[in-house]
Structure formats: C-alpha cells, structure tokens
Amino acid sequence: MPWVKSPPRHPSLNPIANDCATTLMAAVSVPLTLTTDTRSPLVAARQNLLDLDLQGCEALVTELGHKPFHGRNLFKWIHKHGVTDFGAMTDLSLKLRSQLQEVAEIRTPHLVEDWPSADGTRKWVLELADGQRVESVYIPVLIPQERRHTLCVSSQVGCALDCAFCATARQGFNRNLTSGEIIGQIWHATRWLGESPSNIVMMGMGEPLANFDNLVKALAIMQDDLAYMVAKQRLTVSTSGIVPNIHRLAEVSAVSLAVSLHAPNDALRDELVPINRKYPLETLIPACRAYIGDNPRRRVTWEYVMLDGINDSLTHARQLIRLLEGTRSKVNLIPFNPFPGSDFRTSSPERIEAFRDRLIRSGLFTTTRKTRGDEIAAACGQLVGRVRDRAGRAPVRAGWPQPVVAA
Ligand code: SAH
C-alpha cells in the first residue's frame, strides 16, 4: 500500500526536525535507525487525505478491502462537509473508519493569523506541518445582494522567480506546496464562508506553474462536483510565463489563464520579470494563443503592474497594443502596491487612466484593478508568509502592519 510506505513529506526541509536530530545524534551514541517517533511505522507514515483526489480516495478504500463508492463518500465528507474526524463519518463502516484511523489522517493547515480589513478583504496566515507559513486572501465581491467571493491561493512557500517589484520574491523560496496544502487553503476558506468560494485565483505566494503536478491535482479537486464545484471559467492560474508548462497545462486543463506581463518588450521584461530571459515574448505570446485555442469565448488576461516612469508611458501602451494584436485579450492594469524596502512608485491615477484609455481606443478590453486589502498587506505582491529562505535573502516582515486578530 503506497500511502502506508511513503516516507514523511519534506523531512530535509524541516529545520527544526533536522536540528533536533543533529542534537540527539551528537549527545548519545545511537544506531542511525533510531527515530524519535514512538508511533507504529504505519501511523508515522499516515497518508494525508487532502492530498488525494477522488480516484485516490477510491483507490485507498479499495486497497483496504471496501467498495470504491465508500471512497466517494470519504471524499465528500472531507471536502463538502469539512469533517476531519473519521469517527463522525457515519455512512462509512466502523471497520473502514478504524482502518482509516490507522493509515490516514486529514491534516488541514493551522490558522495562525486572521487579518480582517475594512473593505471586507481578509488575509489568513496558515501554518503548515513543517512550520512554514503561507497566506491566502479572501476578497468579497462588492455587489449588494450577491454572494460572490474570490479566494486568492498560494502555490509555493515563497517564490524563486525574483520579479523586481514583488514582496514575495524578496522573501526567497523554500518549497512547493503539496496538493493537500493548496487544497487546505480552500478547505479552510469553505469552512469559514459556509460555502465554496465562487472564484479561485492562483495568485497568492509562488509560481503555480513551477509546481505543476501538485497544481493540476489541486485544480481537479477544486472542480470536482463532490468537493468544491468551482467551474473552470472561475478558476484562474496566473503565471509569470513558464512557457513549457503553459503548453502542458493546455493538455490537461481548461482553466482561465492570466499572465504577469508587466512590460511590452523583452528588454524591459528581462529586468522586471527575469524568467523572460529564459522564455522571451516570442515564445510566451504564441504559447498563450495556443492555450486559448480558437474558442471565441476564451481569452488571456494580461496583468500589467503600473510602475511610475518605468512601464507606464504611451509609447509602452502602443508597444503593448502591437504585441497583443491577434490575441484575444483582457488587460488588467494593477496599480503597484508598495511594500517596505521597495524602490518603485505607483503610477499616478492620471497616468493609469491615460494608459488605459489608449488601450481601450485600440479595442483592447482593459480594466484597472482596484487595490483591496492593502492596509493588511493582502494586496497583489504583498504576500510574504514566513519563509525560511533557502537562498538566505532577508525577510521583509519589518514595517508591515500587525494582525488584528492573532490565533
Ligand atoms: N507567480 C504568479 C502568481 C503571482 S500572482 C505570477 O507571476 O503571475 C500575483 C500578481 O501580482 C502577479 O501579476 C504579480 O506580478 C503581481 N504583483 C507582484 N507584486 C506586485 C506589487 N507589489 N504590486 C502590484 N502587483 C504585484
């Protein structure tokens, strides 16, 4: 049974565990096989069921000697009903429940900070099993009588891509999230909201397409009717432009695609979004075109951060129009969200308006993103979590506001 034998996840990335192990080995002479975990080997390697999609749950219960439909029920208990205690899963047999108790667990992320904001936006800081922290942001849609909301979800602990204007980049990179840790953010938000988020955007910490397999698995669970039922059009993956994985995503999924463009030419984009040096615009644009294919209802959303005096002139606007010619597009202008230690300034409202008007006149559908939750550092590019950076970059926590409610 693979889920029983699999080793604990990321043991080498847990500095605390490693420190403890080193101290223990130095203090006493012990066999190398000594483990500080006194639980049985089965229990020590429990499978986190949040990592399993529907087929995974069915396979698990089948291996345990039960009919696959019990796997469907198990999957529903976890995601639809939010139940984490096997004892409460009353339509599963007592035998299956006790087997699950032995080999599996439902390990949800632990909420450590809850930051409400005046505009209804809410930032949650979630602690993972190894002590790393990631952030997700809940953004209500401000239309009276309409209960719609977007959840902005993280895909990695930190980010390795080093975009010049992004706070997450300053934090450095530690590791990919497991699919269970990605789904854990949605699990938590669903419990808090009392329903699934209506829209999910993979626009939190990290580069989703650099964590491809876990992302794809999590996207399937988000869409599953027995779980969160989020329609593919309401699921957006935002990427800085990992071109080969845009092609791969097209093969397995039809979720909406947003691309962090931020510059209309390679020279500038090389500086602002360094992954452009590897995958320049002449490869990025065709990959995005191929992604939406010839379905007239699909288009690419281009995110474009407005940086004063850097990328916001009318010449840049004209270059952008030329670049996007022939691609069904929506341009989303994002006023730069400052963070402590950042050198950029946001473009003035007049400059943003002039830029937007120029794009609209050319026929490009263009919106300006309203900044939400910036007083709680929950706006685009302000998410930092608590990352133990493996490249040793300095944290940018100092100078941020403090949480209103700390759990
Ligand atoms: N790595 C993915 C997901 C991050 S999404 C990506 O690059 O698309 C977060 C969005 O906010 C991206 O478009 C990112 O470029 C943008 N962003 C980052 N820092 C920002 C800042 N300080 N102000 C405004 N937008 C920012």
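Predicted model: local features only at pLDDT ≥ 70, side-chain atom pairs only at ≥ 80, totals over all residues.

At what angle do helix α10 and helix α12 pack, and how far apart are their axes?

Modeller: Helix α10 covers residues 243-252 and helix α12 covers residues 281-292; the two pack at an angle of about 5°, with their axes 9 Å apart. Angles under 35 degrees count as roughly parallel, so α10 is roughly parallel to α12. On the α10 side, the contact is made by V243, I246, H247 and A250, and on the α12 side by T283, L284, A287, C288, A290 and Y291. Sorted by type, the residues of this contact are eight nonpolar and two polar, with no charged ones.

The protein chain has 14 helices and 15 strands. It holds 407 residues, of which 44% count as buried. Taking contacts between residues at least 6 apart in sequence, 69% join residues that are at least 24 apart.

Helix α4 (residues 54-63) and helix α5 (residues 68-79) pack at an angle of about 130°, and their axes are 7 Å apart. That angle makes α4 oblique to α5. The crossing of α4 past α5 is right-handed. From α4, the residues L54, C57, E58, L60, V61 and T62 take part, and they meet P68, H70, G71, R72, L74 and F75 of α5. The residues of this contact divide into seven nonpolar, three polar and two charged.

Let us stay with α5 for a moment. Its twelve residues should span 16 Å at 1.5 Å a residue, and the end C-alpha atoms are 17 Å apart, which agrees. The buried residues of α5 are H70, G71, L74, F75, W77, I78 and H79. Among the elements that cover these buried residues are α4, α6 (94-103), α8 and α9.

Helix α8 takes in residues 179-193, and its 15 residues should span 21 Å at 1.5 Å a residue; the end C-alpha atoms are 21 Å apart, in agreement. This helix is mostly covered, with eleven of its 15 residues buried. Those buried residues are S179, G180, E181, I182, I183, G184, Q185, I186, W187, H188 and A189. Just after α8 comes G194, which takes a positive phi of about 85°.

M229 has a phi near 55° and is a residue other than glycine. You will find M229 in the loop between α9 (212-223) and β10 (235-239). It has 15 C-beta neighbours inside 10 Å, so M229 counts as partly exposed. H262 also has a positive phi, of about 65°, although it is not a glycine. The place to look for H262 is the loop between β11 (256-260) and α11 (266-272). Here the count of C-beta neighbours inside 10 Å is 26, so H262 counts as buried.

S329 belongs to strand β13, which runs over residues 329-335. With 25 C-beta neighbours inside 10 Å, S329 counts as buried. Leaving aside residues up to four places away in sequence, S329 touches R299, V300, W302, L324, L364 and F365. A258 is 71 residues away from S329 in sequence, yet their C-alpha atoms are 9.8 Å apart in space.

T367 sits in strand β14 (residues 365-368). It has 13 C-beta neighbours inside 10 Å, so T367 counts as partly exposed. T367 and V331 are 36 residues apart in sequence, while the C-alpha to C-alpha distance between them is 6.3 Å.

To return to where you began: find α10 and α12 on the screen, and look along the pair for their angle of about 5°.

How values were computed:
Residues numbered from 1 in each chain as written. Helix = DSSP H or I, 4+ residues; strand = E, 2+ residues; numbered from the N terminus. Expected span 1.5 Å × (residues − 1). Buried ≥ 20, exposed ≤ 12 C-beta atoms within 10 Å, placed from the backbone. Axes fitted to C-alpha atoms, helices over the stretch in contact; angles between N-to-C directions. Parallel < 35°, antiparallel > 145°, perpendicular 65-115°, else oblique. Left-handed = near helix turned anticlockwise from the far one by under 90°. Contact = placed C-beta atoms within 7 Å. Nonpolar A, V, L, I, M, F, W, Y, C, P; charged D, E, K, R; others polar.
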